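Morning, everyone. Let's look at one structure together, and start with the ligand.

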Amino acid sequence: MLDAKPDADATATQGEALLEVNNIEVIYNHVILVLKGVSLSVPKGGITALLGGNGAGKSTTLKSISNLLRSERGEVTKGSILYRGQRIQDLTPADLVEKGVIQVMEGRHCFEHLTVEENLLTGAYTRRDGGRATKDDLEMVYEYFPRLKERRASQAGYTSGGEQQMCAIGRALMSRPETILLDEPSMGLAPQLVEQIFGIVKRLNEEQGVTFLLAEQNTNVALRFAHHGYILESGRIVMEGPAAELRENPDVKEFYLGMSEEGRKSFRDVRSYRRRKRWLS
Ligand SMILES: Nc1ncnc2c1ncn2[C@@H]1O[C@H](COP(=O)(O)OP(=O)(O)OP(=O)(O)O)[C@@H](O)[C@H]1O
Ligand SMILES: [Mg+2]
């Protein structure tokens with residue numbers, strides 16, 4: 001198993017840490033402890049993946065960063081979250097967008113009754129640089145997502161799941177973000193479409209310099225496109241490292257990539273296996 005402490009060397013090769021989450025604890029409804037000391041570092045210009053199964057705490061981590069917990073009766077009770085070295089815990093989600101951080105929520109939220117193009121334009125609401133820039137950005141979004149251009153006049157509620165995911169990412173791009181927190185982009189999509197969306201994320205990262213922190217259950221795809229990965233289990237980071245190393249790690253192969261001899265194991269099996277391993281050692 002890899003060390004769960006941040007790997008300073010790997011982070012350094014990918015630029016300064018833009019976002020730092022230091023040992024945060026999150027409690028819902030004053031009693032339910034969900035994150036139990038999560039730390040991670042997101043380097044500027046990188047794609048960082050936060051991996052783990054159902055209920056591991058991925059969305060909670062992203063919502064802690066973007067300050068969307070309060071509306072769900074959740075609270076960061078310990079630790080700190082820094083962006084460019086400044087605490088961001090007291091900012092509103094709108095303040096954060098102005099700082100360059102935007103979240104694309106799980107479940108691709110679009111305004112169903114608006115057209116695709118109207119949805120995209122709502123993403124530009126914090127912009128102060130005028131109509132011309134907004135129009136250019138709309139063209140930029142259409143260049144990355146030609147499908148959205150074709151569907152620009154359709155009501156978003158009637159577009160496919162893949163198109164809605166593209167619309168949600170496109171809307172985030174309209175605020176010209178420096179960092180996108182992308183929650184479960186693969187959810188409910190066919191493999192080919194998942195590849196396509198991750199391919200666009202990679203291009204946005206390389207060509208526009210957008211930094212990504214993405215939460216994913218789909219370890220396989222995420223580790224092929226990300227530079228660095230963290231694996232979360234029951235509210236704790238249990239492994240972290242460069243994506244290429246995680247892909248080759250025997251535990252990751254066995255438990256998260258379903259490449260064991262006996263076939264894919266469930267997370268419950270993983271836990272009992274770990275217990276067994278501890279007993280035996
Ligand atoms: N508003 C809430 N109130 C109480 N508990 C919550 C709330 N939101 C999430 N939880 C609990 O926190 C834990 C982590 O949930 P979270 O949504 O962060 O997991 P996740 O890793 O994103 O899972 P998934 O892959 O299914 O989206 C779960 O046990 C969940 O039931
Ligand atoms: Mg989630």
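Start at Ser59. A polar atom in the side chain of Ser59 sits 2.8 Å from an oxygen atom of ligand 1. Keep in mind that this is a predicted model.

Now move to Lys58. Here an N or O atom of the side chain is 2.7 Å from an oxygen atom of ligand 1. Glu72 works through its backbone instead. One of the polar backbone atoms of Glu72 lies 3.4 Å from a nitrogen atom of ligand 1. How much of ligand 1 does the protein cover? On its own, ligand 1 has 640 Å² of accessible area, and the protein covers 69% of that.

Next, the whole shell. Ligand 1 is surrounded by 16 residues. The closest are Asn54, Gly55, Lys58, Ser59 and Thr60. By class, that makes eight polar, four charged and four nonpolar residues around ligand 1.

Which element gives the most to this shell? Helix H2, with three residues. H2 spans 58-66. Strand S2, at 32-43, also supplies at least two residues.

The lining holds 20 residues. Val97, Ile102, Gln103, Met105 and Arg171 lie nearest the centre of this pocket.

What is the lining made of, by class? It has 14 nonpolar residues, five polar and one charged.

Helix H3 (93-99), strand S6 (101-104) and helix H7 (161-173) each give the pocket lining at least two residues.

Last point: domains. The lining of the largest pocket takes at least three residues from domain 1, which is 17-100 + 178-248. Domain 2, at 104-176, also supplies at least three.

That's my tour. Questions, please.

Key
Residues numbered from 1 in each chain as written. Chains lettered and ligands numbered in written order. Predicted model: local features only at pLDDT ≥ 70, side-chain atom pairs only at ≥ 80, totals over all residues. Heavy atoms only, no water. Near = heavy atom within 4 Å. Polar contact = N/O pair within 3.5 Å; in protein donor to acceptor, adjacent residues only side chain to side chain. Areas by Shrake-Rupley, 256 points an atom, 1.4 Å probe, with all protein chains shown as cover. Helix = DSSP H or I, 4+ residues; strand = E, 2+ residues; numbered from the N terminus. Nonpolar A, V, L, I, M, F, W, Y, C, P; charged D, E, K, R; others polar. 1 Å grid on protein atoms, 1.4 Å probe; cavity = no way out; pocket = protein on both sides within 12 Å on 5 of 7 lines; lining within 4 Å. Domains from an automatic or database assignment.
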